[in-house]
Amino acid sequence: MNPAVARPPALSVVVPCYTESACIQELYSRVTAACSAVVGPSYEIVLVNDGSRDGTRADIFALAASDAHVIAVDLARNYGHQIALSAGLDLCRGRRVFILDA
């Protein structure tokens, strides 16, 4: 097994998202820049779509397909901020976790 794969990232950023299509790309750009500056390549961004009815789901999955640092999570419906946050926290692997609202 590749040791880099087995090692957890230094930082996980967990972001519950609800109808964020208009700003998700800017959020991704800023969070990526901040993570890279602080921990280099050892980070993950967990974007949790909380049942959005705009293009947020597609945007999140497109980001995950183009960047291995992004983990896409899709909830079946809008469960609310706390459940979306809990879903992201359940999946993140970082040694440190930063919670951010989209």
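T32 has its place in helix α2, where helices (H or I, at least four residues) and strands (E, at least two) are DSSP runs, numbered from the N terminus. With a relative accessibility of 15%, T32 counts as buried, the term buried being used for under 20% relative accessible area, exposed for over 50% and partly exposed for what falls in between (1.4 Å probe, protein chains only). When residues up to four places away in sequence are not counted, T32 touches Y43 and I45, a contact being defined by heavy atoms within 4.5 Å.

The model is a predicted one, in which local features need pLDDT of at least 70 and side-chain atom pairs count only at pLDDT 80 or more, whereas totals for chains, interfaces and linings use all residues. Residues are numbered from 1 along each chain as its sequence is written, and side-chain values use heavy atoms, with hydrogens and water left out.

## Overall architecture

The protein chain holds four helices and four strands, and along the sequence these follow the pattern α-β-α-β-α-β-α-β. The radius of gyration of the protein chain is 13 Å, close to the 13 Å given by the globule rule for 102 residues, so the chain is as compact as a globular protein of that length; the radius is taken over C-alpha atoms, and the rule is 2.2 Å times the number of residues to the power 0.38. Along the principal axes, the C-alpha atoms of the protein chain fill a box of roughly 40 × 25 × 25 Å.

Of the 102 residues of the protein chain, 39% count as buried. Among the contacts in the protein chain with a separation of 6 or more, 80% are made by residues 24 or more positions apart. The protein chain exposes about 5700 Å², of which carbon and sulfur atoms supply 57%, the areas coming from the Shrake-Rupley method with a 1.4 Å probe and, for residues, with only the protein chains shown counting as cover. The mean positions of the 8 positive and 10 negative charges lie 8 Å apart, where Lys and Arg count as positive and Asp and Glu as negative, with His and the chain ends not counted, and where a charge is placed at NZ of Lys, CZ of Arg, CG of Asp or CD of Glu.

In helix α3 (residues 56-66), the buried residues are T56, I60 and L63. These residues cover an arc of only 60 degrees around the axis, which puts them on the same side of α3; the arc is that of the directions from the helix axis to the C-beta atoms. An α-helix has 3.6 residues a turn, so residues three or four places apart point the same way. On the other side of α3, A65 and S66 are exposed, while the buried residues of α3 pack against β1 (11-17), α2 (24-39), β2 (43-49) and β3 (70-74).

The buried residues of α4 are A84, L85, A87 and G88. Seen down the axis of α4, these buried residues fall within an arc of 155 degrees, so they line one face of the helix. The face turned away from the buried side of α4 carries the exposed residues Q82 and D90, and the buried residues of α4 pack against β1, β2 and β4. L91 also lies in helix α4 and, at 48% relative accessibility, counts as partly exposed; its C-alpha atom is 9.8 Å from that of S12, although L91 and S12 are 79 residues apart in sequence.

Most residues other than glycine have a negative phi. At 39% relative accessibility, T19 counts as partly exposed.

R95 has its place in the loop between α4 (81-91) and β4 (96-99). Leaving aside neighbours within four places in sequence, R95 is in contact with R7, P8, P9 and A10, and the C-alpha atoms of R95 and R7, 88 residues apart along the chain, are separated by 9.7 Å.

A102 lies in the segment after β4 and is partly exposed, with a relative accessible area of 33%. When residues up to four places away in sequence are not counted, A102 touches V15, P16, C17, E20, C23 and L27; the C-alpha atoms of A102 and C23, 79 residues apart along the chain, are separated by 8.1 Å.
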